[in-house]
Amino acid sequence: MARVDYLDDPAAPKANSIVPAVSVIVPNSDDGILLIRRTDNSYWAIPGGGVEPGESVSQAAAREVREETGMECEVTGLVGIYSYPGHVAAYDDGEVRQEFSICFTGRLLGGTARISGESSAVRFVPPGDISGYDIHPSIRRRIDHYLDQRETPYIG
């Protein structure tokens, strides 16, 4: 399903849903950050997606990492909660979601990097190279909050 992200765009369609979502920043032993290239909008992003009925947010986070990247992780902390109404994602089925995502930190447990139906590329990217990737500003903000090593999680 194709997706178009809008950020502070007065021409953006109005949100008609909010779906609890999670994302995870998973560093490797060299402090590279696990990124995927999304198949729905071609942006580079941290792994993440919707929470399914019957699972906790930490279970959803680990599942999304595994499904999108082939890597196993455990949730270790909280980067922030992102619910900015000025960021909506429009899908080709007519759904327009307002952002609501809990971003976690994770510890890499293992696995083998592989692509999926949601990712066309998977790689660990050194923090100094992040600026060379086409990352939506809403995801870049989460990465920046992680790299800033904030004392408290972002809530907004």
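How far is the sulfur of C73 from the closest cysteine sulfur? The distance is 11 Å, to the sulfur of C103, which is too far for a bond. The model is a predicted one: local features need pLDDT of at least 70, side-chain atom pairs count only at pLDDT 80 or more, and totals for chains, interfaces and linings use all residues. Residues are numbered from 1 along each chain as its sequence is written, and side-chain values use heavy atoms, with hydrogens and water left out.

A search of the whole structure finds zero disulfides, a disulfide being a pair of cysteine sulfur atoms within 2.5 Å. C103 is accordingly in no disulfide, and the sulfur of C73 is its nearest cysteine sulfur. Both cysteines are shielded. C73 is buried at a relative accessible area of 6%, and C103 is buried at 0%. Buried here means under 20% relative accessible area, exposed means over 50%, and partly exposed lies in between (1.4 Å probe, protein chains only).

Five strands make up an open sheet with mixed pairing, in the order 6-3-10-7-12. Strands (E, at least two residues) and helices (H or I, at least four) are DSSP runs, numbered from the N terminus. Two strands pair if DSSP finds at least two bridges between them. The edges are strand 6 (48-50) and strand 12 (154-155), each of which pairs on one side only. Strand 7 (residues 71-82) and strand 10 (residues 101-111) run antiparallel, joined by ten bridges. Y82 has S101 of strand 10 as a bridge partner. Strand 10 also pairs with strand 3, in the parallel sense, over five bridges. Here A21 stands opposite S101. In a regular strand the side chains alternate between the two faces of the sheet.

Helix 2 (residues 137-147) lies across strand 3, strand 7, strand 10 and strand 12, at about 95 degrees to strand 7. Axes are lines fitted to C-alpha atoms, for helices over the stretch in contact, and angles between N-to-C directions run from 0 to 180 degrees.

A further open sheet has three strands in the order 5-4-11, with antiparallel pairing. Its edge strands are strand 5 (44-45) and strand 11 (119-125), and each pairs on one side only. Two bridges link strand 4 (residues 33-38) to strand 5, in the antiparallel sense. R37 stands opposite W44 in strand 5. Helix 1 packs on this sheet too, touching strand 4 and strand 11. The helix runs at about 60 degrees to strand 4.

The loop between strand 4 and strand 5 contains N41. N41 is buried, with a relative accessible area of 18%. Its side chain makes a polar contact of 3.0 Å with the side chain of D5. A polar contact is a pair of N or O atoms within 3.5 Å; within protein, one must be able to donate a hydrogen and the other to accept it, and residues adjacent in sequence count only if both atoms are side-chain atoms. A polar atom of the N41 side chain also lies 3.0 Å from the backbone nitrogen of Y43. Leaving aside neighbours within four places in sequence, N41 is in contact (heavy atoms within 4.5 Å) with R3 and D5.
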